[in-house]
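Visitor: I am new to this structure. Could you take me through it in plain terms?

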Amino acid sequence: MKDIAVIGVGYVGLVTAACFADLGNRVVAMDVAEEKIDKLHQGIMPIYEPGLTEVVKRNVDAGRLSFTTSHADTIKNARFVFICVGTPSGVDGEADLQYVRQAAETIAQVMDHPLIIINKSTVPVGTGDWVADIVRSKQPRPIDFSVVSCPEFLREGSALLDFMNPDRTVLGSLDRDAADEVAQLHLPLRAPIVVTDLRTAEMIKYASNAFLATKISFINEIANICEALGADVKEVAAGMGLDKRIGKMFLDAGIGYGGSCFPKDVLALHHMGIAQGQKPQILEAVMAINSSRRHQVVAKLRELLGDDLTGKTIGLLGLAFKPNTDDMRDAPSITIASLLSEAGAVVKGYDPVAMDVTRQVMPQLALCKDPYEVFAGSDAVVLVTDWNEFKQLDMIRAKASMRQAVVVDGRNIYDPAMMQEMGFAYRGFGRGYSGDVKLDG
Ligand code: UGA
């Protein structure tokens, strides 16, 4: 059993705290947001993540996990301090490090014994060294400490599973003994451990997210070409993915990536490159392709409903940026709803878990009580989030309730032939061309 402190109970911090406690460690997690900690004391999670409530409860009951708003209480008995605070996009896409700075300064002020400070927040390359400088300069008296970078690779919606079954653990530090100690903490996860210097570990995180985002934009570009030439991108992706060098994951074409990670991290990596005099051309293309996907939804609706969308009722099926989460950060639904409203359409929507969050971020959006209400009276429905519960809807019933039977499938979850057979005017992304194919020569 090790003593661990976790600073920041957002997505990463709460999952990290709960999972390390579940592995048998004693974890004290803190956050400056009192209402979050109050809720956690009542067993209410600040985020929706499958399985999290149960794991937190189990470990709180067993006395291995507790929550506080005090930095001093968190660190009192800890050997390891995980910094898991947010790093939102700041000016020009540069990561905003104010919360990391605050955490480092406070650790320095309250620490009274040697610590290993582990950075899990996604931070620009060089931040680990910067954190070490801050701690050194703010300590009232010199006490030993080391900084280790340990980037997270958790996906929202499957974060607990990802934590417990990682493909790898990356540890970056100039202090080999500290890295070894942190490696011991991760041994029960039985994953390969990659030990590097601080900056390399920080770059592995950005390069990994940027590569996955690149895969998505790549397949979306292929989808456009498929659409023009009459090929089916789903089958193209399946055929490509069987090549082990390519792999089948992250080749789902559609309305592109959103969320709190890919958009922010690709932009931040781009910013780092520009700041060093580089021209990150692939990253620029990745961002441009991704942003155009959301506009394509409106273009497809215009193609099917006519140029003027004024007064047309459009329903959005799914609002969260992906299934199994209530996270709406950079969710495609927000851009699509606002483009449609600007075009004069009446927009309504439904999500299985993100309704409360939607009320805060899109208060103007009319909310439906279930998926069928999204179809009822609509001129078109856009499938935005590929929740499982949307995959087996009674489409005959849905169609009968619509004003016009138009569906734009932003995640390619429906079968185009079946939808057309049922009488829908249906558009997926890259699912063959509906008119004449123009071939050169
Ligand atoms: C992503 C990474 O997958 C994690 O490894 C990483 O730890 C995390 O960011 C982070 O940096 O914290 P996450 O943003 O939770 O995780 O979600 P993903 O499953 O990666 O999906 C991101 C977006 O890409 C979603 O909007 C999803 O709908 C979209 N996507 C994903 C596609 O459009 N096509 C695909 O083939 C896959």
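**Domains and ligand**

Guide: 7 residues of domain 1 are in contact with 8 residues of domain 3, where contact means heavy atoms within 4.5 Å. This is a predicted model, in which local features need pLDDT of at least 70 and side-chain atom pairs count only at pLDDT 80 or more, while totals for chains, interfaces and linings use all residues. Residues are numbered from 1 along each chain as its sequence is written, and side-chain values use heavy atoms, with hydrogens and water left out.

Visitor: Which domains does the assignment give?

Guide: The assignment gives domain 1 (3-196), domain 2 (206-284) and domain 3 (292-427); such bounds come from an automatic or database domain assignment. The C-alpha centres of domain 1 and domain 3 are 38 Å apart.

Visitor: What area is buried between domain 1 and domain 3?

Guide: About 570 Å² is buried there, and carbon and sulfur atoms give 47% of it. Buried area is the accessible area (1.4 Å probe) that two parts lose on being put together, summed over both. Y48, E156 and G157 supply 82% of the area that domain 1 buries against domain 3, more than any other three residues.

Visitor: And how many salt bridges are there between the two domains, domain 1 and domain 3?

Guide: The count is 1 salt bridge, a term for a side-chain nitrogen of Lys or Arg within 4 Å of a carboxyl oxygen of Asp or Glu. The side chains of R329 and E156 form a salt bridge at 3.6 Å, N to O.

Visitor: Changing topic, which residues are closest to the ligand?

Guide: The closest are E152, E156, K205, N209 and K322, among 20 residues that surround the ligand; a residue counts if one of its heavy atoms lies within 4 Å.

Visitor: How far is a ligand oxygen atom from an N or O atom in the side chain of N209?

Guide: The distance is 2.7 Å for N209. For the side chain of R411, an N or O atom is 3.3 Å from an oxygen atom of the ligand.

Note on methods. A polar contact is a pair of N or O atoms within 3.5 Å; within protein, one must be able to donate a hydrogen and the other to accept it, and residues adjacent in sequence count only if both atoms are side-chain atoms.
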